[in-house]
Number of protein chains: 4
Amino acid sequence: MTELKRVGVLTSGGDAPGMNAAIRATVRACIYYGIEPVVIQEGYKGLIENKMDVADARTVANVINQGGTFLKSARCQEFRTKEGRVKAYENARAAELDGLVVIGGDGSFTGAMLLEEEHGLPCIGVPGTIDNDIYGTDFTIGYDTALNTVVEAIDKIRDTATSHNRLFFIEVMGRDAGFIALNTGIASGAEDILIPEQEKNVELFMESLQKSGRAGKTSSIIVVAEGDRGGGGVFELSRAVEEQFPEYEVKVTVLGHIQRGGKPSCFDRVLASRLGVAAVEALRSGDSGIMVGVRDQQVVKTPLERAISKHNQIDNHLMKVAEIVSV
Amino acid sequence: MTELKRVGVLTSGGDAPGMNAAIRATVRACIYYGIEPVVIQEGYKGLIENKMDVADARTVANVINQGGTFLKSARCQEFRTKEGRVKAYENARAAELDGLVVIGGDGSFTGAMLLEEEHGLPCIGVPGTIDNDIYGTDFTIGYDTALNTVVEAIDKIRDTATSHNRLFFIEVMGRDAGFIALNTGIASGAEDILIPEQEKNVELFMESLQKSGRAGKTSSIIVVAEGDRGGGGVFELSRAVEEQFPEYEVKVTVLGHIQRGGKPSCFDRVLASRLGVAAVEALRSGDSGIMVGVRDQQVVKTPLERAISKHNQIDNHLMKVAEIVSV
Amino acid sequence: MTELKRVGVLTSGGDAPGMNAAIRATVRACIYYGIEPVVIQEGYKGLIENKMDVADARTVANVINQGGTFLKSARCQEFRTKEGRVKAYENARAAELDGLVVIGGDGSFTGAMLLEEEHGLPCIGVPGTIDNDIYGTDFTIGYDTALNTVVEAIDKIRDTATSHNRLFFIEVMGRDAGFIALNTGIASGAEDILIPEQEKNVELFMESLQKSGRAGKTSSIIVVAEGDRGGGGVFELSRAVEEQFPEYEVKVTVLGHIQRGGKPSCFDRVLASRLGVAAVEALRSGDSGIMVGVRDQQVVKTPLERAISKHNQIDNHLMKVAEIVSV
Amino acid sequence: MTELKRVGVLTSGGDAPGMNAAIRATVRACIYYGIEPVVIQEGYKGLIENKMDVADARTVANVINQGGTFLKSARCQEFRTKEGRVKAYENARAAELDGLVVIGGDGSFTGAMLLEEEHGLPCIGVPGTIDNDIYGTDFTIGYDTALNTVVEAIDKIRDTATSHNRLFFIEVMGRDAGFIALNTGIASGAEDILIPEQEKNVELFMESLQKSGRAGKTSSIIVVAEGDRGGGGVFELSRAVEEQFPEYEVKVTVLGHIQRGGKPSCFDRVLASRLGVAAVEALRSGDSGIMVGVRDQQVVKTPLERAISKHNQIDNHLMKVAEIVSV
């Protein structure tokens, strides 16, 4: 067992519900194992600017049910430079950190990997992002909450979708990965789902609209993964549909950052608690440069390098399920 | 007390949470008073197309907690014509309706007024719309639920609004009336609120951004009542801000029809139950051409004509409260 | 206009959702009017123990959407004595408080009244309690949220109430006043409502069970206002029913303190914002010994003495509505 | 591939959120594969009483987001007899059912197994129960939703738990299995969790109360799995604590059937959609007497016999996580 005096914890990148639960578990696992926990504000920026405090169990009281991250999260240009990372490391050393827990997505893990390679500071990644696009874990922290947020929103639209010849477009997050769109599309009974992974592009969607003769039928709900121009692309699509199919009335909802917030679900809180504890236990075992994740309900470890370079694939059976249940 | 054999009920116009509770109360009040309730599908369209059924208490079982309206609601061009209303009236007479309860907004009330004026069918209006813009009642059915829906959405954005120099624009409904924007802006702690009633236009908002020197401060949330081009206007605003103030990162959420759905709040269900009962009691008292509403917690009656022609005004003290609490 | 240097604010008694919004509005209204706000921890106990801090706008950032009260609330035996109030007053004077805003229920207002009578410290009451039993305001802060909490809970029970011959008892708060039970009973479509104000006692309920021959029908939901032995009485009732009617399967839910928590509804936040501002404006106008409330959507003032000694009555029409909609 | 003309689907046992999504997926998978789906009311009772209807895609429109089961679920004494099952089988044969999908827990699976053994009707089990106590699947349908329901309830209590020396007991479901208590205890930051699997009995809890000297500290939340006397045991515990530790004020919440209802979470809807489709695909592959479940994100099959006789075990690491995060 590696002797550890102090361990730092930070959140980085886009925030995600459950990050607070992960910080809390990291802090309390430190205390449980006789290590002094150090909380770092604003991600790598706080490491560079030396915004660190020794924490105790009270520091993380009443945060488990809060969305966002109470340590804040900032993008940090300086940390992308070698000089920035030197500063960060020197502060870490001055603060006597024997290890660092980084809660975030692949950008954050790249930073952790470099800090470890260049300076030998043991770093453990904890996957916190709503996008579920990290290799080495079945679920990322925040993903389950985001799914529920989207589904609750679409449920409300379904309530009102009683008129005829209406198309409701719902834009959800997922520029590169359609996990959110596919799962929430199935769960909300969407009539169609447009995701980056699938060939069905806009032309095909238009064709299917034409064929379906949906005109004269009840309303349809279409879930669209955010395209090139985050938050706006769906309006272009809606205008194109209205031009080609004037018989439809098209209504648009852009969920935007609503998906990043909200009280974390039970699932995300338990996942975050497990992974926060596992991160500290990994440092105690002498691990470094790895991410802790959950596969088949067990905690597993993946080198940060692999976690970053590979990606979870959309499940083919799930794509077929989507097709089947929308008959 | 007027003897009534049968009373019809329909929902018309944009749907609103709580309409089902109002239908249920109307139906059950009929039964309680020995009147046969008749439910009419799809608003005035169903009256013209003779889509009517005698209902009993079970017809409205388990609907009180459902969003939308199980009778559906459709816009009906034909009913705007004299001929259409003749058809509607003939069906009503054939169905032996001695009165009609119309749940909807001012468009729906105009129809009810004409039906009554031209054919003498006693009509009672029940204010059901999320916009709260009907004169003669402190609250319309659905308004309270819509407010909660918007506030819950903004709360989630607030969770994530920890980064610097970010502006979050949230577009809410209210082309003509800023009730939703003003109340949800106060309730969510928005830094600014843009409503149709207030002179503060976009230029002034831009000026205030400039003065505030919000740059370097934490994020701001701006609630915007839907402008000319429903669902899209806020993107133009966001682009204008980004051009003039490149230091801001602007994020947009367009809530859209989410605001029309959702399980009705307790407030809306109780309001709807009271007004549904009151509508039937009004018919029994011989009233016609009036709307039932609630003022100072009491049921009050207003001629449909006045309910349509006048409008609730934004409360000046509430505007000041908004200014004060955002210091 | 009275010149005020400093104004204190505290929460007292059982906590209620929206209290944070009321504190926030009080603090920001002080700042707006050039007064220094002082926040007092743990109610009157904090006044006696001198737990006070000058606040600024940031002190109340991000609290508007939090349940409970961040200033905490404690019962304080010592403040009920003359000596205790002397200490409290001396601390208030030392802190240069020119007025005090007390957010709470009638116990808290009694304290405020005595402090004012005995020592001349201007006190303004703000009604914050889920019970809605304060005279002088149509609504107390927290009441609307509590109603929604109860209704959401009963909705879930309704989902599962598909079996035959089941009685579900739901115990809600309201030892002396049936506002919560009556309103949530109507809103959840309860088959029966047992409240303190109504003569229908347990025997009558038993008789009605017998007559109704509900046996063989689908499930019934009965909302019961908390009786003599908070949190337990409903079990005695359930056992009595099971003994007398063995054909029923009885299931019990005791909501308990769930009703005091939760994110405040939009309604409660706006109400709290208005009343917090109004309390400071009342002090500036030279008022003292009064409570600010809302009647017919307007801010009104009521002497604390009357607010305490009188009670809102259950609305008779609402009782009839309950009867009518459960046919 | 086995040729199937018709497949029946029923829900049985205690209902669970997501059952509707499973019915819907079964029905639509039938249609997709050219099979006629038959929906059976009230579980095995409906099979015996011949309450069956051929369904189409519209039959299951707008049910995916509803709690409970629209087919209803009833306990059926008669089906436990050989004669009852003969009747059931004869009806199934008369209806030309080539297979049966049974959505429920282990009691329901026992029935399916007997029906298959005695009469050769191919039966597939789909695990639907909030208790998560079925072997052969990582998650049962409804479990995730129940966890969220409990956590949301405890969150509200946490909001109000600001006073000193208070103990809040929350009774949750789980007579035999502590999955709900353990997971929600971790997720809500409970100070203690009492589950059947753990030795820590009431005496030990009392000792720990004594040692902890929690007196004088802030409030504690204790999650208790439902004991011998469903819905009442926690009151006995609370009285025992109050007698031995008069310095504590004890508050009790009994969640009861709230846990069985509510809109299903996204997770449960997707799980239910996958398993409903998988059940039909299993019948087409010639499977019989098996349950479909999900392990490591893949659909897996388990003989009904094993699904019934074995049980999922509480995860030891999770028990340790619970201990660590409550330091």
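Helices (H or I, at least four residues) and strands (E, at least two) are DSSP runs, numbered from the N terminus. The model is predicted, local features need pLDDT of at least 70, side-chain atom pairs count only at pLDDT 80 or more, and totals for chains, interfaces and linings use all residues. Residues are numbered from 1 along each chain as its sequence is written, chains are lettered from A and ligands numbered from 1 in the order in which they are written, and side-chain values use heavy atoms, with hydrogens and water left out.

**View 1. A:Arg28 in helix H1 of chain A.** Helix H1 (residues 19–32) of chain A holds A:Arg28. UniProt, in an unreviewed entry, lists A:Arg28 under "binding site", along with residues including A:Arg24, A:Arg158 and A:Lys217; UniProt positions are given in the numbering used here, feature names are shortened, and annotations may be inferred rather than shown by experiment. A:Arg28 is buried, at a relative accessible area of 7% (buried means under 20% relative accessible area, exposed over 50%, partly exposed in between; 1.4 Å probe, protein chains only). Not counting residues up to four places away in sequence, A:Arg28 touches A:Ala57, A:Val60 and A:Ala61, and from chain D it touches D:Ile324, D:Val325, D:Ser326 and D:Val327 (contact means heavy atoms within 4.5 Å).

**View 2. A:Ala190 in a loop of chain A.** The loop between helix H6 (179–187) and strand S7 (192–194) of chain A contains A:Ala190. UniProt also lists A:Ala190 under "binding site" in the unreviewed entry. The relative accessible area of A:Ala190 is 6%, so the residue is buried. With neighbours within four places in sequence left aside, the contacts of A:Ala190 are A:Arg158, A:Gly185, A:Ile221, A:Val223 and A:Ser326.

**View 3. The interface of chain C and chain B.** Here 52 residues of chain C are in contact with 52 residues of chain B. The two chains bury about 4,300 Å² between them, 56% of it on carbon and sulfur atoms; buried area is the accessible area (1.4 Å probe) that two parts lose on being put together, summed over both. The rule finds six salt bridges across this interface (a side-chain nitrogen of Lys or Arg within 4 Å of a carboxyl oxygen of Asp or Glu). In the salt bridge of C:Lys263 with B:Asp155, the closest N and O atoms are 3.6 Å apart. Among the elements that give two or more residues to the side of chain C that touches chain B are helix H1 (19–32), helix H5 (143–160) and strand S11 (298–303) of chain C. H9(C) gives the largest share of that side, eight residues.

**View 4. B:Arg269 facing chain C.** B:Arg269 is part of helix H9 (residues 266–284) of chain B and is buried at 1% relative accessibility. Its side chain makes a polar contact with the side chain of C:Asp155 (2.7 Å); a polar contact is a pair of N or O atoms within 3.5 Å, where within protein one must be able to donate a hydrogen and the other to accept it, and residues adjacent in sequence count only if both atoms are side-chain atoms. Residues touched by B:Arg269 include B:Ala21, B:Ile64, C:Val151 and C:Ser188.

**View 5. D:Val241 in helix H8 of chain D.** D:Val241 sits in helix H8 (residues 233–244) of chain D and counts as buried, at 0% relative accessibility. Its contacts include D:Leu167, D:Phe169 and D:Leu209. The C-alpha atoms of D:Val241 and D:Leu209, 32 residues apart along the chain, are 9.2 Å from each other.
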